[in-house]
Amino acid sequence: MSLARPRIRFTSVMLVMGLLFLYVPMLVLVVYSFNASKLVTVWSGFSTQWYGELFRDEQILSAIWMSLRIAFFSASMAVCLGTIAAFVMTRYGRFRGKTALSTMVTAPLVMPEVITGLSLLLLFVQMAQITGWPADRGMMTIWIAHTTFCSAYVAVVVASRLREIDLSIEEAAMDLGSPPMKTFFWVTLPIISPALAAGWLLAFTLSLDDLVIASFVSGPGANTLPMVVFSSVRMGVSPKINALATLIILTVSLATLVAWYVMRRNEAKRKQLLKATAD
Amino acid sequence: MMPSRLSAMLKRWQLGRRAVIALPLVWLTLFFLLPFVLVLKISLSEAAIAVPPYGALVEYVDQTLNIALNLGNYLFLASDSLYVAAYWGSLKTAFIATLVCLLIGYPMAYAMARTSARWQMILLLLVMLPSWTSFLIRIYAWMGILGNSGLLNNLLLGLGLIDAPLRMMNTQFAVIIGIVYAYLPFMVLPLYAHLTRLDNALLEAASDLGSRKLNTFIKVTLPLSMGGIIAGSMLVFIPAVGEFVIPELLGGPDTLMIGKVLWEEFFNNRDWPVASALAMVMLLLLLIPIVWFHRYQSREFNE
């Protein structure tokens, strides 16, 4: 295989084309956020006025703040629930309710959002009728909805890490008399902490991004960022949204870059350590 | 250790074990399973001008229990060609989009799996990064590109390839582009995971035994990556069937999709029972793909 003369492979061409397909539209968004004209498709000079307008838009700013808060709390709760679910699925062998649990953990991954949103709203309405809680829908109900579907993603990420790690470390701790709880917090948790971080970040972006489920379970007055963007975009293209898009793309790219750098440094450190112990 | 102390400890562990299992099980039962039961219940009730806007299924009037099961909503769905067309349109659009995703995603994942470990990491991040930005904004990007005076038409007109702007916005074409664009990373990811696990020795063995490249691909690579193909396809197809944002922003009057119809039935017509019946039928249609995906995913859990 290595003897093959350098030539352009079909799959490599497709990879480059695929990446162009993914990135060109986002690049277009960024470029036109600096357009002076209100028309998003005609270029009429460089300007940063739309960023100014974006930062003066009270509605968008308060929606960003609300979305960030919901995403933070949803991601944190989803990491707790998802990690427990993943641990139970991978470490507990057979138990009653395992099939039910594994079904309920994986189903939210593919469930169409309109179904999830509708069903949760009906639950909240029914609950309010019977118990009087939740009296009004808003941040709390969105938090519950987001936690539920995000914990499924966290469970998948964490479970794949739990399957990879060496069981003998946990077994050694247990053999030495460490109770299960202590073993989990002092042995297992530190090993899977990168997966927890990845799961938290994934849950955070998923919650931040959700429009459909939040629209169903939200009440009057509670508007998340996607809801505000959607109602604006429905009216047609607007450069202010391009400016917002640019900031989002910039933030995510920077965060990814930092995560990649940290990951690479840890990997290098681990290799060095392995080499040192081998010597 | 004293046997009695040991058994007490074991009992405590057993109790702790049950509590740990119960936590996710109770949460998901309450906020995932129970809601579906309610959707089923409300799909069987009658619409009413009330808060909430549906009639009671079970009533206790004059010391008799009245149970009013109402299949009318389902009959209504079957009798109205709008709904049938919307289901058909959703399945067709999602199927075409999934196929296109697979045709683009498979060579991409294949090329990724063949590069060095360091490049694999970078390429994986590059493929996934768009999906971490914002779904809504990525669909919005295509509104500016596909419009009548959009970027693509301007480009084609400028190059002299067309004389008049093509109508691309608000068509099935735009919806399919939108789905492919939004869901491509979710197709590539499982495919890549399977292809990178593929043992090179198998391919070399096939080649040593005189198998041609295409033959090796069909007989070795393709079957071994089947799990990835199924997982990727289901990750695209199932959400695409219920998609609301894409047909709403890129579609037009002739691109009927069930997610959008459900949304309008719920928010505009405020007909909760019909919206619930729509959701139940959609779930029924998606049951086989969901079970398929779940089988594959639980195999991953237990591996």
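1. How far apart do the end C-alpha atoms of residues 272–293 of chain B lie, and how much of the span is helix? They lie 29 Å apart, and the span is 100% helix and 0% strand. Please keep in mind throughout that this is a predicted model.

2. The stretch just discussed has an annotation. In UniProt, an unreviewed entry gives the feature "transmembrane region" for residues 85–109, 121–143, 173–195, 216–241 and 272–293 of chain B. Residues 216–241 of chain B can be described in the same way: the end C-alpha atoms are 34 Å apart, and the span is 96% helix with 0% strand.

3. Chain A has annotations of this kind as well. The UniProt record, an unreviewed entry, puts "transmembrane region" at residues 12–34, 63–88, 109–128, 140–162, 183–203 and 241–263 of chain A. Two of these spans can be checked against the model. Residues 140–162 of chain A are 100% helix and 0% strand, with 31 Å between the end C-alpha atoms. Residues 109–128 of chain A are 90% helix and 0% strand, and their end C-alpha atoms lie 27 Å apart.

4. On secondary structure, chain A contains 11 helices and 0 strands. Chain B contains 13 helices and 2 strands.

5. Next, the overall form of chain B. Its radius of gyration is 26 Å, well over the 19 Å that the globule rule gives for 303 residues, so chain B is more spread out than a compact globule. The C-alpha trace of chain B spans about 80 × 80 × 35 Å along its principal axes.

6. For chain A, the radius of gyration is 24 Å, while a compact globule of 279 residues would have one near 19 Å. Along its principal axes, the C-alpha trace of chain A spans about 70 × 70 × 35 Å.

7. Burial and contacts within each chain come next. In chain A, 42% of the 279 residues count as buried. In chain B, buried residues are 42% of the 303. Among contacts in chain A with a separation of 6 or more, 76% are between residues 24 or more positions apart. For chain B, the corresponding share is 72%.

8. Chain B is divided into domain 1 (3–67) and domain 2 (74–302). The C-alpha centres of domain 1 and domain 2 of chain B are 34 Å apart. The contact between these domains takes 10 residues from domain 1 of chain B and 8 residues from domain 2 of chain B. On the domain 1 side, the residues divide into 7 nonpolar, 2 polar and 1 charged.

9. Which residues make the contact between the two chains? In number, 67 residues come from chain A and 75 residues from chain B. On the chain A side, at least two residues each are supplied by α1 (10–32), α3 (58–91), α4 (98–110), α5 (113–131), α6 (139–164), α8 (180–209), α10 (225–233) and α11 (239–278). Of the elements of chain A, α1(A) gives the most to this side, with 13 residues. By residue type, the side of chain A that touches chain B holds 48 nonpolar, 15 polar and 4 charged residues.

Terms used. Residues are numbered from 1 along each chain as its sequence is written. Chains are lettered from A and ligands numbered from 1 in the order in which they are written. This is a predicted model: local features need pLDDT of at least 70, side-chain atom pairs count only at pLDDT 80 or more; totals for chains, interfaces and linings use all residues. Two residues are in contact if their C-beta atoms, placed from the backbone, lie within 7 Å. Helices (H or I, at least four residues) and strands (E, at least two) are DSSP runs, numbered from the N terminus. Ala, Val, Leu, Ile, Met, Phe, Trp, Tyr, Cys and Pro count as nonpolar, Asp, Glu, Lys and Arg as charged, and the others, Gly among them, as polar. The radius of gyration is taken over C-alpha atoms; the globule rule is 2.2 Å times the number of residues to the power 0.38. A residue is buried if 20 or more other C-beta atoms lie within 10 Å of its own, exposed if 12 or fewer, and partly exposed in between; C-beta atoms are placed from the backbone. UniProt positions are given in the numbering used here, feature names are shortened, and annotations may be inferred rather than shown by experiment. Domain bounds come from an automatic or database domain assignment.
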